[in-house]
Amino acid sequence: MFNAITLDLPFPPRSNPNQASVAQLHRHWLLRNEGLAAAITLPAYDKWDVPRLAAFTSPDSPAEELALAADLLSFYFLFDDGFDSELGRSPAQVAEICRRLTGLLYGDGPAPGARTPVEQAFVDLWERSARGMSARWRARSAYNWEWYFACHPAEAAGRLSGRLPDRESYLALRRGTAAMETLFDMVERLNRFELPQEVLHHPSFRRMRQLAADIPSFTNDVHSYAQELARGDVANLVMIVREERGGTPEEAAVQVMREAQTMVDRFVELSDEVPEICELLGLAPAAREAAHRYVDGLAAWIAGYHRWEIDTGRYDR
């Protein structure tokens, strides 16, 4: 019932023309890392249409980079789904899994012969992602991956307690487990540019990045509400809005989408300021181009993810 709720986006989704060729490359990667997808059958996985999501969210990337995007997205989904079992209610076990993965970012993780299938898949993705990028980018991306992994034990503790978090606590956790900062690092990597630090950390760019991260998280909570309710998850904004305001799940979902729409409108307002920001910062032409490409990449994520989540089989109930 929630899939009928959509956002009004002034930037429609665009699809990468390399999607069809990349789908086969992605299938080969998945088969090479079959241990990563042990909890799902290939026919069920195919209904998610991960290459389509990659094509929507990376519309301008060449085929090789689009294949990396699809493989990364697969990892996020399958890694997250691994905690839908009783494992996801054991914070200590989850913490150990995530510590081992974080160690791989810094060269002190499990040795090649002692790695799990999940660790093997992640090493492949991290090495491909970091290739050719600056030390500054790699340090930032490693920190964001650490943030992503480190939030999963807290999410497991929330399932164990069964208590709904307040909105502020929800956002603190969701902004980690959603992994959006790692995905926005990949906007640069998949399109082969890097933002100057004065652009990356400019207040307006930081705000746009936060909005672009929160919008998919809010809409995802609407589309995945039924699944998460059934398995006892508590980090879902529809549940929290119901606790705040009362009413039905449908009414709470409408409110969440209304908040997401407000964020979309603010993102558009901030993106209109980018030419002036570039001018005031005195950016060279290459830096200005990078700034505009980055904002386009954030917009592609908002529009592409929303288009995909409306009819993907991942959220079939």
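Mentor: Let's start with a term: helices (H or I, at least four residues) and strands (E, at least two) are DSSP runs, numbered from the N terminus. You're looking at a predicted model, where local features need pLDDT of at least 70 and side-chain atom pairs count only at pLDDT 80 or more, while totals for chains, interfaces and linings use all residues. Residues are numbered from 1 along each chain as its sequence is written, and side-chain values use heavy atoms, with hydrogens and water left out.

Trainee: How many helices and strands does the protein have?

Mentor: There are 16 helices and 0 strands. Its radius of gyration is 19 Å, close to the 20 Å from the globule rule for 317 residues, so the protein is as compact as a globular protein of that length. That radius is taken over C-alpha atoms, and the rule is 2.2 Å times the number of residues to the power 0.38. Along the principal axes, the C-alpha trace spans about 55 × 55 × 35 Å.

Trainee: What percentage of the 317 residues counts as buried?

Mentor: First the cut-offs: buried is under 20% relative accessible area, exposed is over 50%, and partly exposed is in between (1.4 Å probe, protein chains only). Here 54% of the 317 residues count as buried. As for the surface, the protein exposes about 13900 Å², and carbon and sulfur atoms supply 53% of that. Such areas come from the Shrake-Rupley method with a 1.4 Å probe, and for residues only the protein chains shown count as cover.

Trainee: And contacts: what share of those with a separation of 6 or more comes from residues 24 or more positions apart?

Mentor: A contact means heavy atoms within 4.5 Å. Residues 24 or more positions apart make up 77% of the contacts with a separation of 6 or more.

Trainee: Now the rings. How many aromatic pairs does a search of the whole structure find?

Mentor: The general idea is that a pair of aromatic rings is described by the distance of the centres and the angle of the planes. Rings of Phe, Tyr and Trp (its six-membered ring) pair if their centres lie within 6.5 Å; planes under 30 degrees apart are stacked, over 60 edge-to-face, and the rest tilted. The search turns up 20 aromatic pairs. Take Phe 77 and Trp 308: the ring centres are 5.5 Å apart and the planes are at 15 degrees, so this pair is stacked. It links distant parts of the chain, with Phe 77 in helix α4 (residues 63-81) and Trp 308 in helix α16 (residues 285-311), 231 residues apart. Both Phe 77 and Trp 308 are buried.

Trainee: What about the rings of Phe 79 and Phe 149?

Mentor: Their centres are 5.6 Å apart and their planes at 80 degrees, so that pair is edge-to-face. Phe 79 is also in helix α4, Phe 149 is in helix α7 (residues 135-161), and the pair links distant parts of the chain, 70 residues apart. Phe 79 counts as buried at 5% relative accessibility, and Phe 149 is buried at 0%. Phe 79 and Phe 149 belong to a cluster linked by ring pairs, together with Phe 75, Tyr 76, Phe 83, Phe 122, Trp 145 and Tyr 148.

Trainee: How do I read a phi angle?

Mentor: Most residues other than glycine have a negative phi. Ala 179 has a positive phi of about 65 degrees although it is not a glycine. Ala 179 sits in the loop between α8 (167-177) and α9 (180-191) and is buried, with a relative accessible area of 4%. Arg 192 has a positive phi too, about 60 degrees, and isn't a glycine either.

Trainee: Where is the place of Arg 192?

Mentor: Arg 192 is in the loop between α9 and α10 (197-200), and it is partly exposed at 43% relative accessible area.

Trainee: What does Arg 100 touch, leaving aside neighbours within four places in sequence?

Mentor: Its contacts are Gly 109, Pro 110, Ala 114, Arg 115, Thr 116 and Glu 119. Arg 100 lies in helix α5 (residues 91-105) and is partly exposed, at 27% relative accessible area.
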